[in-house]
Amino acid sequence: MAFISGVGNTRYGKIDGSTTMSLAAAAAQAAMADAGLKPQDIDGLLTGYATTMPHIMLATVIAERLGVQPAYAHALQAGGATGVAMAMLAKILVDGGRCRAVLIVAAENRASGQSRDQAIQTLAQAGHPDYEVPYGATIPAYYGLLAARYMHQFGVTDEDLAELAVVMRRHAGRHPDAHLRTPITAAEVMASKPIALPLRLLDCCPVSDGGIAAIITREPTAAARVRIRGAGQAHLHQHISCARDWAAMGAKASADRAFADAGMRTADIDYLAVYDSFTITLAMLLEEIGFVRRAGAGEAARAGRFDVDGDLPLNTHGGLLSFGHCGVGGGLAHLVETQRQLAGRADGRQVKDATVGFVHGDGGVMSSHVSMVLERV
Amino acid sequence: MTEATNVSADPIARDWWAGIAEGRIGYEACTDCGAAQFYPRGHCTACGSAKVAMRTAAGTGTIFSITVVHRPPSAALQPFAPYAIALVDLDEGVRMMAHADPSLAIGARVRATVAPFGDRAVPRFVAAA
Ligand SMILES: [Zn+2]
């Protein structure tokens, strides 16, 4: 069995003077302390990538910085799904007997380490260099195309999307480490400046600095008995031009594999952590996987179902939309918050009786999906 | 056109963009299984054949999705903003990204034109009628 035995993070936001390495080290040290482990106890290390530090061997750079000498280490890349993918691989390594304690860590000074234009241009390269990028496309433009079609096809409204941003901001207000904590209204979201219509500024996540880490072990620690019960993936395309079915982007295929692996179904889930780079991302993932009906995410938000005391508590740290997005660490934060919820350590955000959690990461433009079921044991 | 320094090193993409500059939208058709595909790759993703031929599309199609970009990726593109990026389903059965008239809606019938943008001329779809 694979347990998430320790977690740690820096605050998210603009952190002047931070570097990818300083953020990674701070988060990893916090996670090791949380698990009660020393650098010598870590025998596996996985990390992602950092746009501000495009190193060819990021995992061993971090290992050396920490004083860890792992038996297994490398970086992996699945865009926003990388965080959950690292946890899935860590489970495979632990279950297979290759490692006893795998550190997964993600960090980047994405906000302060480059200009805003640099960040936007780097990220736009997720598009096809010959048949998409030359049109002046950006990540919000790819998601704008996703949103316009999805809203047209299923009858989702601007207000439905805005409600999701409102909930994420409300949640972030209860997390001391969140990037954006000032409450917003649906009217403010819909009146914010246009970025790639139908998406507006407050439909988009911020660019943040931050670091976050978790430790996956073969044995549970006393403080937190949270196990990874199952996981799955699906990858149907890379570029939005090559996506075919707006009703089946791979999210459900990935989730179904995780549920089958865990021997569970959507009805068993009592805490949700779903990738939310944009409001449309969150709506599409929740609806395709089947936690709410098609075009039903907005009404569920309005009804309070995603609140801490709702029946589908969702991204109680504030998600990418408000806790912040520092690259790989943005998606890993969903997993870390799930661990804290299931371990009963979410302080003022604690969901009552959270036992089984579902985590979903999405990379690219609905391109890479990784899903995971966590359980308190 | 300014020097097209950003045009790809990939010969298929270079030929494709050279065709655009002359008003031709290329797509690939497999000579073994008949499948049409975009973007061009030099091999067929339906059957794996290496026998694909570049064909010229009629330039007519339907808007599948459209977004209006207000925040371009660079200062160099700011003078063009706002501009619309669309996914267009060509009548030959392939889907491509292109520029479009921002007033177009999903489902609109369109025809291709070519318009200057950034470092090159790009396909831009306008109402067919
Ligand atoms: Zn073929």
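Where in chain A is the place of A:Asn315? Look in the loop between α10 (297-302) and α11 (319-322) of chain A. Keep in mind that this is a predicted model.

A:Asn315 isn't a glycine, yet its phi is positive, at about 45°. A:Asp353 is another non-glycine with a positive phi, this one about 60°, and its place is in the loop between α12 and β10 of chain A. Here they are side by side:

| Residue | Phi | Relative accessible area |
|---|---|---|
| A:Asn315 | about 45° | 0%, buried |
| A:Asp353 | about 60° | 52%, exposed |

Why does A:Asp353 count as exposed? Its relative accessibility is 52%, and exposed means over 50%. A:Asn315, at 0%, is buried, because the cut-off for that is under 20%.

There are cis peptide bonds to spot as well. In chain A, one joins A:Leu197 and A:Pro198, with omega about 15°; A:Pro198 lies in the loop between β5 (194-197) and β6 (199-200). In chain B, the bond from B:Phe38 to B:Tyr39 is cis, with omega near 5°, and B:Tyr39 sits in the loop between β2 (36-37) and β3 (52-56).

**The zinc site**

Now for the metal. Which residues coordinate the zinc ion? B:Cys30, B:Cys33, B:Cys44 and B:Cys47 do, through their SG atoms at 2.3 Å. Along the chain these donors follow the spacing C-x2-C-x10-C-x2-C. The angles between the four donor atoms run from 107 to 113°, so the arrangement is tetrahedral. For reference, the ideal angle for four tetrahedral donors is 109.5 degrees. B:Cys30 is buried at 4% relative accessible area, whereas B:Cys33, at 40%, is partly exposed.

**Two helices crossing**

Back in chain A, the axes of α3 (residues 82-95) and α12 (residues 328-342) come within 6 Å and cross at roughly 60°. That angle makes α3(A) oblique to α12(A). From α3(A), A:Thr82, A:Gly83, A:Met86 and A:Ala87 meet A:Val328, A:Leu332 and A:Leu335 of α12(A). Those contact residues divide into five nonpolar, two polar and no charged.

**A buried phenylalanine**

Last stop: A:Phe358, in strand β10 (residues 356-363) of chain A. A:Phe358 is buried, with a relative accessible area of 0%. Beyond its neighbours within four places in sequence, its contacts include A:Phe259, A:Tyr271, A:Phe291 and A:Met372. The C-alpha atoms of A:Phe358 and A:Asp270 are separated by 8.1 Å, although these residues are 88 apart along the chain.

Definitions and conventions:
Residues numbered from 1 in each chain as written. Chains lettered and ligands numbered in written order. Predicted model: local features only at pLDDT ≥ 70, side-chain atom pairs only at ≥ 80, totals over all residues. Heavy atoms only, no water. Donors = N, O, S within 2.8 Å, 3.2 Å for Na, K, Ca; no water. Tetrahedral: all angles 85-135°; square planar, octahedral: opposite > 155°, others 65-115°. Buried < 20%, exposed > 50% of the residue type's maximum accessible area, 1.4 Å probe, protein only. Axes fitted to C-alpha atoms, helices over the stretch in contact; angles between N-to-C directions. Helix = DSSP H or I, 4+ residues; strand = E, 2+ residues; numbered from the N terminus. Parallel < 35°, antiparallel > 145°, perpendicular 65-115°, else oblique. Contact = heavy atoms within 4.5 Å. Nonpolar A, V, L, I, M, F, W, Y, C, P; charged D, E, K, R; others polar.
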